[in-house]
Amino acid sequence: MRRSVLIRFLGLSLAVALGAVIATAVIATYSTSEKLQGEIDANTGQLQVDGQIYSELSKYASDHPSWSGVDRLVHELADKLGRRVAVTGPDGAVIADSARMLGAGPDLPSVPAATIDARNGGAAKFAGAMSVYTMRKTAAGLAGEVIATASVGPPSPIFPSWGLTDEERQQREQFAQKAANCYRAQGKTATVVSGDDTAPQVMLEADKLANGVSQMAISKPGISGSDACLPAGLYAPSAKAKLVNDDEIRRATACLDAAGEQYTITDYDGLKAAEPKTGEPKTKGAVSQAFVTCTSEARSQALTPYVAPPAKLYLGARSTFNVFSGAGMLRTAATALGVLLIAALVMVFAGRRLVRPIVALTGAAQRMRNGDHAARVPVTGRDEVARLGNAFNEMAEAIQRHDFQRKAMVSDVAHELRTPLANIKGYLVASEDGVVPLDGELVTSLLEEAELLEHLVADLQDLALADAGMLRMHPAPRDLSELAQQVVLAHRPAAETARVALTADVQGAATASVDSSRIRQALGNLVSNAIRFTPAGGHVVVGVRRVDDGYNLTVTDDGTGVADEHLPHLFDRFYRAEQSRSRSTGGSGLGLAITKHLAEAHGGRITVTSHLGSGSTFRIWLPRQAPRTPA
């Protein structure tokens, strides 16, 4: 099956383009991943900064029923920590963005850094057992670090100090200060510690340990031995925490009852928690999935009116494009399709331009095969296809020219053969009819015509051999001056008959490797032409001159000369400057063409200079050593 060059070219180009897209994407992905991994390894401190941002925004979410007003906190964190901070809703709508100016900003990273959800333990203050009542420095930790340990407490995310009002906080501070004074009255070192996230607490300095590290204990009812100093309301839950906890327990018990789960309600210092009733020590494996679902959903529903809705946190600039991600694959596919479409369009356009001249060349070649030697192809540009078109046109031109010359040669040969044949036939018919007696004079005339035919046939044979590259040459060292003098002696009778002076102009020996008979033939043709076109009283000189790279054989006359328009065609077959074809003034028209072939067969060349009315000079240049030719 024949396949179009255009289709193969297009398929190859598309395959290359697709491979380039895939290879580029893979290399870019892996190199970028390695670079990012190196940056992460070199900047581990960035994780702490990001954790701080997450913690601050999680606290905001737990303290506010919506994200309204978070924009100020976002800009403060960005200015303080040098990171771009952006918060969006689950649907991607921007809530706050430190890089957003006048309603516009750069693209967000493709993947959020975290999801903030205060309803489901997303904030630090809603972590598992938050009833932390003891902080101490232990030998297990580094000196000076505070390690928080959690006592057994409710699994509810609601801890007592969550949601304290200003009035409740002031009251707690008074309780804490009163307890500290009580401890000081007993000779103990007591301090009051408070913060934005925690209620005021009383810290006692314990005895020195063996390793010199002091232990600090937070007193609370039931743990410290000096309970009398602690007011009952110091660690009581806030009204808001109690309200949300009651709602959580109500929802949890309703769900557990419907699910048939066994449970108990335990009170932890004013906050209740639903716990599985298994009769065994509480372990993670003992809690059923239904129990976890009921308690988690109850907690989330109870907190929903009091905390901000879930949001996505984006940090830093736009993330590195990953070709293997969901969006990356989509964009990679779109990019690949775009590249393939552009490549296809370009290749179709380029391929059509490439195929068009080839189709034209094919059509022209077929027309030439059918005999239309005038077939040509249009050529534009200067590329390889244009050069091919020019070469085809030159070939067609040469074929057409040679065909014309062949036809002209056949016509000329027929014309040249017709005249002597007609003369011979006419004389023979006349002799047969008794009109002309067959005497010696008639026989001599018939012999002359026969010799003319023989000479013409011999010339045609020489040309045929020369065209086929089979012109036999027998080179040998010969003196060109001697050959020139032999030609002069052979043609002197004809020159005397035409009353033309024929002389030789030679200067010493001129030895060259030539075929002597062929050189005499070439010089004889030139001398015959010179005598024929030189008027009575004129001169013809045959000269031999040595030049640097060989010898010049010249035939100079002072005859009629040749017009400039005829000079380029003098060596064409059957061409005569005198177009009348008069046999009294011209030969067969093959002499100069044969002379040209003979000169070239010796590795030489022939040239002519002439001026109308002032004679001509034909010059044959021959190298000293003739080239080898087939015998």
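This is a predicted model: local features need pLDDT of at least 70, side-chain atom pairs count only at pLDDT 80 or more; totals for chains, interfaces and linings use all residues.
Let's start with a pair of strands: β1, which covers residues 85-88, runs antiparallel to β2, and three bridges join the two.

Now widen the view to the whole sheet. Strands of a sheet pair through backbone hydrogen bonds, in either a parallel or an antiparallel way. Here the sheet is open and has four strands, in the order β2-β1-β11-β3, with antiparallel pairing. At its edges stand β2 (94-97) and β3 (114-116); each has a single partner strand, so one side of each is left without a neighbour in the sheet. On average, and with direction ignored, neighbouring strands of this sheet are turned by 25° against each other.

Next, follow the chain to helix α11, residues 516-532. This helix has 17 residues, and from its first C-alpha to its last it reaches 24 Å, close to the 24 Å expected at 1.5 Å a residue. How many residues of α11 are buried? Twelve of the 17 are, taking buried as under 20% relative accessible area, so the helix is largely enclosed by the rest of the structure. Among these buried residues are S516, R518 and I519, as well as L526, V527 and N529.

One of the elements packed against α11 is helix α10, residues 480-497. The two helices pack at an angle of about 40°, and their axes are 9 Å apart. The crossing of α10 past α11 is right-handed. To see the contact itself, select L483, A484, Q486, V487, H491, A494 and A495 in α10; they meet S516, I519, R520, L523, G524, V527, S528 and I531 in α11. By residue class, this contact between α10 and α11 holds nine nonpolar residues, five polar ones and one charged.

Of its 631 residues, 35% are buried. The contacts also tell you about the range of the fold in sequence: among those between residues at least 6 apart in sequence, 68% join residues at least 24 apart.

Methods. Residues are numbered from 1 along each chain as its sequence is written. Side-chain values use heavy atoms; hydrogens and water are left out. Two strands pair if DSSP finds at least two bridges between them. Axes are lines fitted to C-alpha atoms, for helices over the stretch in contact, and angles run from 0 to 180 degrees between N-to-C directions. The expected span of a helix is 1.5 Å times one less than its number of residues. Buried means under 20% relative accessible area, exposed over 50%, partly exposed in between (1.4 Å probe, protein chains only). A crossing is left-handed if the near helix is turned anticlockwise from the far one by less than a right angle, and right-handed if clockwise. Contact means heavy atoms within 4.5 Å. Ala, Val, Leu, Ile, Met, Phe, Trp, Tyr, Cys and Pro count as nonpolar, Asp, Glu, Lys and Arg as charged, and the others, Gly among them, as polar.
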